Amino acid sequence: MSDSDGGCCRCCCSFIFTLGLTALFMWLSLRSSNPKCSVENFYLPSLDTTLKNPNDTTLNLTLKLENTNKDKGIKYDAVKVTVSDSQNRNHVVANVSVPEFYQGHKKKAKKIGTGIANSTVASQVASINGKRVFWVDLSTSVKFKIMFWYTKRHKIRVGANVTVNATGVKDERKGIKLKSMAPRMGSFCVVMGSLLNFLVFSLLNF
């Protein structure tokens, strides 16, 4: 192979390498992180054994929603929360809804929700040492605001078990993080992108 052919090949590989790096950096800058969701407070008066007449059929909870993106806002559709006797959602205890709202960069928000609880279903959940475990399921759709435009809607569904003690409140003092059941693909894409660039770099030195 002549020097001119080798130089052309190196130039072409260098261009591909630069293009790959640029694409990777653009993808990393435009990639959005889903908000972190947690249950901060949870109270079922119908399970409160300290009340003389626990006839209150409400469910009161406080959600914490955190936007971890440094340069992207989040527009939430209505946030829907379903409290069930198990993850299979065989029997629903209550439904709670939080109206849609916008959240700025690196902002946190606490949203209070109230729903009508099925006290019969709640009381039928197995009690161990005065504690009952409920499944809290949160679903919504969000759009990320980048500069002056919004991305398409992304569906979010997260959940976790919440243990309630004999006073009807969340047993854990700290907030309970709601986790996604879907597989995470972000890290895989980063690894594949890095591997592609490594292969191109190796060609340049071949």
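## A briefing on the fold and its salt bridges

The protein chain exposes about 13000 Å², with carbon and sulfur atoms supplying 58% of that area. What you see above is a predicted model. Of the 206 residues in the protein chain, 35% are buried. Let's walk through the layout and then some charged pairs.

**Overall layout**
- The protein chain has 3 helices and 11 strands.
- Among contacts with a separation of 6 or more, 67% come from residues 24 or more positions apart.

**Salt bridges**
- Side chains of opposite charge can pair when their charged atoms come close.
- The count here is 5 salt bridges.

**E100 and K75**
- E100 forms a salt bridge with K75, and their closest N and O atoms are 3.7 Å apart.
- This pair links distant parts of the chain, 25 residues apart: E100 is in the loop between β5 and β6, while K75 is in strand β3.
- K75 is partly exposed, at a relative accessible area of 22%.

**D77 and R153**
- A salt bridge also joins the side chains of D77 and R153, at 2.9 Å from N to O.
- D77 lies in the loop between β3 and β4 and R153 in the loop between β9 and β10, so the pair ties together parts 76 residues apart in sequence.
- D77 counts as buried because its relative accessible area is 19%, and buried means under 20%.

**D137 and R157**
- In the salt bridge between D137 and R157, the closest N and O atoms are 3.1 Å apart.
- D137 sits in strand β8 and R157 in strand β10, 20 residues apart.
- D137 is buried, with a relative accessible area of 6%, whereas R157 is partly exposed at 48%.

Definitions and conventions. Residues are numbered from 1 along each chain as its sequence is written. This is a predicted model: local features need pLDDT of at least 70, side-chain atom pairs count only at pLDDT 80 or more; totals for chains, interfaces and linings use all residues. Side-chain values use heavy atoms; hydrogens and water are left out. Helices (H or I, at least four residues) and strands (E, at least two) are DSSP runs, numbered from the N terminus. Buried means under 20% relative accessible area, exposed over 50%, partly exposed in between (1.4 Å probe, protein chains only). Contact means heavy atoms within 4.5 Å. Accessible areas come from the Shrake-Rupley method with a 1.4 Å probe; for residues, only the protein chains shown count as cover. A salt bridge is a side-chain nitrogen of Lys or Arg within 4 Å of a carboxyl oxygen of Asp or Glu.
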